Amino acid sequence: MRPLLATVLSLFSLALSAQPSLVLVNGRIFDNPDAQAIAITGNTITAVGSSAEMKALATPVTRVIDLQGRMVIPGINDAHTHPGLHTPSFVANSDITTTWPLIAAAISSAVDETPADLWITATAGPGILDDATLTRQTLDKLAPNRKVFIGAFTGHVSVLSSAGLAALGIADNASNPPGGTFGRDAQGNLNGRADEYAHYLAERRFADLATDDELVTGIRSFADEAIRLGITTVQAMPVPSEQRFSKALRDAAVPLRVRVMAFPLEVPARPLFQSGGAVKFILDGTPIERGAALRTTAYADGSKGRENFRDLAPFVKLAVDNNQQLLFHAAGDRTVASALNAFGTAALKRPRIEHGDGMQRDLFPIALKTGAVVVVNPTHFPFRNFYPAGEYMLAASIRKARIPLAIGSDGPINPYLNLMIASARPDQPQESLTREDALRAYTSGSAFAENLETKKGKIAPGMLADLAVLSQNIIEVSVNALPDTRSVLTIIDGKVVHEE
């Protein structure tokens, strides 16, 4: 009797588990015009079809939600984010268009208005950080004995005051780290400027000054904003160290799915994550500070950018030895070519080019041969004119060549702002993506980029129930209205995590 009873109970439990926990009806399902409804059981989509069909699956304990004709999309998967989560500071009123006199006035005011031990930070545009006279001495006169950190909005250059350098443990005899440079005066002392891996070193030490509680609070705030936008996954290259960020992520216990990419500052790096993770290295800068490395064309000043590393073999070996997906930040066409050539030397699974501004047509065949994935960032597209004439930011052409394409924000995380920019490009109209293709890159494309295309990124039976119900139809609204979109219902792992 006992084996029979156990079998009956097991079948009963199975029957209960097959009953939908959630049914969405009367919606418009992206990429499935014949369907209006979705059944979810546990954390999985179990059926997609008509409202009548899905209602027939519901039981008295099933929650049925009438979507009233709203659009349902797979949860947005942001393939390239940098959660800031910096230590508390007074942020001077600045953005990429603010002039130096305005930033200087804000810093000067902060000296009198803030505690002496509080950092003063500012974000500067290209016109400011291109000014070689902006040094630690400039900041020391403006804010004597204060810790000041001015970072470029590009995330590749910074200027620190003397007190700021000291607080981060960067002494005058500090050596240039591999891949980066500390600026120096005529006497060989640091002038407060740092670029590439010298900047990342300073930025990480600054971020790691935050307490554990501050990191947890920052993660929760970031996750709340993402979920309200219908983002269900982010692939994060955090500013704090991976160890601290990962611990804070566990403590924060947010429903948002977060894939943490290792970003080691040591070269050659020691493996930081378990087998099967991902590791990223930055090969050049951006065209805005003329750091993106070029092959034949040159910037207006005659320069061609700079590669942070010439020998990429140690990075490839690290990824292969530790079974890690390899990500290369490669903006210029010279670094994209170097990255693809390095990918071709080993059996790498879905190596990634982050940004890929310089993925030019002659490089398409090797990209296809190596299986590279290109993660583009639409918020970069308005800065196309910082490159010389030539083929740059070819999003539509990359997709048409059948090179796997994903989208990451690498800036403001509003996905609908990025959809607007990607689908309406005044700089290169022929390289605009359709809204449908941009959304696919932001969902199934990003899932492919993290090797999870069989689990998420589409609305189909057997896929994880990560969904967003939108406030407006992003395929049909005017292009200028796209950034106003929000999620009125966000579902992650089959659970409603946001509802308006």
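H156 sits in the loop that links β10 (148–152) to β11 (157–160); helices (H or I, at least four residues) and strands (E, at least two) are DSSP runs, numbered from the N terminus. The model is predicted, so to speak of local features takes pLDDT of at least 70 and side-chain atom pairs count only at pLDDT 80 or more, while totals for chains, interfaces and linings use all residues. Residues are numbered from 1 along each chain as its sequence is written, and side-chain values use heavy atoms, with hydrogens and water left out.

With 5% relative accessibility, H156 counts as buried (under 20% relative accessible area; exposed is over 50%, partly exposed in between; 1.4 Å probe, protein chains only). Its side chain makes a polar contact of 2.8 Å with that of E196 and another of 2.8 Å with that of Y200 (N or O atoms within 3.5 Å, one able to donate a hydrogen and the other to accept it; residues adjacent in sequence count only if both atoms are side-chain atoms).

Turning to the sheet, three strands form an open arrangement in the order β7-β14-β15, with parallel pairing (at least two DSSP bridges between two strands). β7 (76–81) and β15 (257–260) are the edge strands, each with a single partner, so one side of each lacks a neighbour in the sheet. Four bridges join β7 to β14 (residues 231–236), and T81 has A236 as its bridge partner in β14.

As for L340, its contacts (heavy atoms within 4.5 Å) include I353, M359 and L363, leaving aside neighbours within four places in sequence.
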